[in-house]
Each structure stands twice: as C-alpha cells, then as structure tokens.
Amino acid sequence: QVQLVESGGGLVQAGGSLRLSCAASGLTFSNYCMGWFRQAPGAEREFVAAISWNGGATYYGDSVKGRFTISRDNAKNTVYLQMNRLEPEDTAVYYCTATDLGSSIVVLSIRLDEYDYWGQGTQVTVSS
C-alpha cells in the first residue's frame, strides 16, 4: 500500500521560511516523479513544484519560482519543499504526490490528473 506522509507545515509570519517533508513508502521511490500541489480555501488545487525521479530536473509554478526549492533524497524515500520569503498568498494545504511517468523522455508533470498517489496534506498558514 502506497503512503505519502507530509510534515513540516505550520504557522509562520510573512517573510519567513518553512521546510515541508514527504516520506514515501510502498513504492519504488526512485522510479517516481514527485510533486507538490496546494489548495487554498475555495480555490482549485494548484501546481507548486515537481522533481524528476533522479532529481536532475525540476519545475515550479510561476507564483513560487525563485522562492521555493524542491529536492529529494532517494536513499530516504523523501521529497522536500523548502519555502522561503513566504507570503500570505501561500496559505494553503500542501499535498505531496507521486507519478510513475514510465518514460525516459517525459520526466516531469505539472498536471494534477497525471499523479497517481496523494498524501493527506499539511496546512501552511502565513500571517501578514
């Protein structure tokens, strides 16, 4: 059974930082593209960042580019999201997700419907 468990969320002031972690089990982690999405109240789930199976490629949503960094440790089956210069607009539930794209050419996805597994989410609240 695949499990993705997020941690590291919380309350932070604007301009501060948080580091989210997502521990994966029940899958061959190094085969999977990993992603982070977020969902604010009343809004659709939004792409945040993705990282290829070996960490060699990353991609970010426009609203977080230059502030957030995604990384992974395949030895620990864990993906991270370092969030710096947080803004109140970053307040949302953050979800870790995994997809086996099964391709050596397409190594990332930003499409919500292409992800196979999802964590339960962790709340990030940024106060102004």
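## Burial and the position of Val64

A residue is called buried when its relative accessible area is under 20%, and exposed when that value is over 50%. In this predicted model, Val64 has a relative accessible area of 1% and is therefore buried. Val64 belongs to the loop between β6 (58–60) and β7 (68–73).

Beyond its neighbours within four places in sequence, Val64 is in contact with Arg38 and Val48. The C-alpha atoms of Val64 and Glu87 are 9.9 Å apart in space, while the two residues are 23 apart in sequence.

## Overall architecture

The secondary structure of the protein consists of 11 strands and 0 helices. Its radius of gyration is 14 Å, close to the 14 Å that the globule rule gives for 128 residues, so the protein is as compact as a globular protein of that length. Along the principal axes, the C-alpha trace spans about 40 × 25 × 25 Å.

Of the 128 residues, 41% count as buried. The accessible surface comes to about 6400 Å², and carbon and sulfur atoms account for 47% of that area. Where contacts link residues at least 6 apart in sequence, 59% of them join residues at least 24 apart.

## Strand β5 and its partners

Strand β4 (residues 33–39) runs antiparallel to β5 and is joined to it by 5 bridges.

The hairpin of β5 and β6 has 6 residues between the strands, and Gly55 takes a positive phi near 80° in it.

In soluble globular proteins, nonpolar side chains tend to be buried together. The largest nonpolar core of this model has 28 residues, and those with the most contacts inside it are Met34, Trp36, Val79, Leu81, Met83 and Tyr94. At least two residues of this core come from each of β3 (18–25), β4, β5, β7, β8 (78–83), β9 (92–99) and β11 (122–127). Another core, of 5 residues, lies apart from it and includes Cys33, Phe37, Phe47 and Tyr115.

Leu81 illustrates how separate parts of the chain meet. Leaving aside neighbours within four places in sequence, its contacts include Leu18, Leu20, Trp36, Val48, Phe68, Ile70 and Tyr94.

## Loop residues with positive phi

Asn77 is not a glycine, yet its phi is positive at about 50°. Asn77 is found in the loop between β7 and β8, and its relative accessible area of 25% makes it partly exposed.

Arg85 also has a positive phi, near 50°, and is a residue other than glycine. Its place is in the loop between β8 and β9. With a relative accessibility of 49%, Arg85 counts as partly exposed.

Key: Residues numbered from 1 in each chain as written. Predicted model: local features only at pLDDT ≥ 70, side-chain atom pairs only at ≥ 80, totals over all residues. Heavy atoms only, no water. Helix = DSSP H or I, 4+ residues; strand = E, 2+ residues; numbered from the N terminus. Buried < 20%, exposed > 50% of the residue type's maximum accessible area, 1.4 Å probe, protein only. Contact = heavy atoms within 4.5 Å. Pairing = 2+ DSSP bridges. Core = buried A, V, L, I, M, F, W, Y, C linked by side-chain atoms within 4.5 Å. Rg over C-alpha atoms; globule rule 2.2 N^0.38 Å. Areas by Shrake-Rupley, 256 points an atom, 1.4 Å probe, with all protein chains shown as cover.
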